[in-house]
Amino acid sequence: MLDKVSVVLVGTSHPGNIGSAARAMKVMGLTNLVLVDPACEIDETTYALAAGASDIVEQAKIVSSLDEAIADCGLVVGSSARSRTLEWPQLDPRECGIKAIAEAPSHNVAILFGRERTGLTNEELQRCHCHVYIPANPEYSSLNLAMAVQTVSYEIRMAFLASEKFQTQQQVEEYPRMKELELFYQHLEKVATKTDFISKDKPSMVMTKMRRLFSRARPESQELNILRGILSSVEKSLTRPEK
């Protein structure tokens, strides 16, 4: 199950942080590191801070966009350190670990960590099913990137060890991959625009709220297919000549 979980670092600017994150992962048994558009090169500092986890660095997958990194994932969790105007389903690290391990047998899972100074953008957070927030001391909540990776990785390992000890035969539902969800959102926006439900000039707010709705609802693959079918039926009715 740990092999199905990826740590995704977005826009990392310091090579040492990549090495430190790799070390934090390996200590907890995670091996899949993905770097999205890193703002630095992997260098000797990376390997020095990786210590015995240089293999994680060497095997790291480097991609140019977040969509590419999460396309085959059925669950995406984004780390968020600050409150948002538009609330998203929120998990603490323990809940994140339990959820990741519960869904790993069924599909790939990605845990996203943002830039050292600014974190993940609102747009990137909207690509996630839910957010994980580390409830640190409010009087001093400064966590560096490796600390955040270590905290969440620890909870994933604890959930994994618990699942090994108390295995159940409960069936895990099949959820759509992120690329399938993105196609659905594009289809929904297209139909909503055709029916004049949303304005062609300002679709973003409605679609942001719709993303939040479906992220909270987590439709299964079969349910998403039904929704796509309804949208296709509406499109056909729009082109059908009146009797």
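Below, we go through the aromatic contacts and then the salt bridges of this predicted model.

Me: How many aromatic pairs does the structure hold?
Reply: It holds 2. In one, the rings of Phe184 and Tyr185 have centres 5.6 Å apart and planes at 50°, so that pair is tilted. The other joins Phe184 and Phe214, with centres 5.0 Å apart and planes at 85°, so it is edge-to-face.

Me: Which parts does the pair of Phe184 and Phe214 tie together?
Reply: Phe184 is in helix 8 (residues 178-194) and Phe214 in helix 9 (residues 204-217), so the pair ties together parts 30 residues apart in sequence. Phe184, Tyr185 and Phe214 make one aromatic cluster.

Me: Is Phe214 buried or exposed?
Reply: Buried, at 14% relative accessibility. Phe184 is buried too, at 1%.

Me: What sits over the ring of Tyr175?
Reply: The charged end of Arg218, 4.0 Å from the ring centre.

Me: Switching to salt bridges. How many are there?
Reply: The structure has 11. One of them joins Arg94 and Glu155, at 3.2 Å from N to O. Arg94 lies in helix 5 (residues 93-103) and Glu155 in helix 7 (residues 145-165), so this pair ties together parts 61 residues apart in sequence.

Me: And Glu155, buried or exposed?
Reply: Glu155 counts as buried, at 11% relative accessibility. Arg94 is exposed, at 52%.

Me: Which residues are linked in a network of salt bridges?
Reply: Asp67, Arg127, Glu182 and Arg211.

Terms used:
Residues numbered from 1 in each chain as written. Predicted model: local features only at pLDDT ≥ 70, side-chain atom pairs only at ≥ 80, totals over all residues. Heavy atoms only, no water. Phe/Tyr/Trp six-rings, centres within 6.5 Å; stacked < 30°, edge-to-face > 60°. Helix = DSSP H or I, 4+ residues; strand = E, 2+ residues; numbered from the N terminus. Buried < 20%, exposed > 50% of the residue type's maximum accessible area, 1.4 Å probe, protein only. Lys NZ or Arg CZ within 6 Å of the ring centre and 35° of its normal. Salt bridge = Lys/Arg side-chain N within 4 Å of Asp/Glu carboxyl O.
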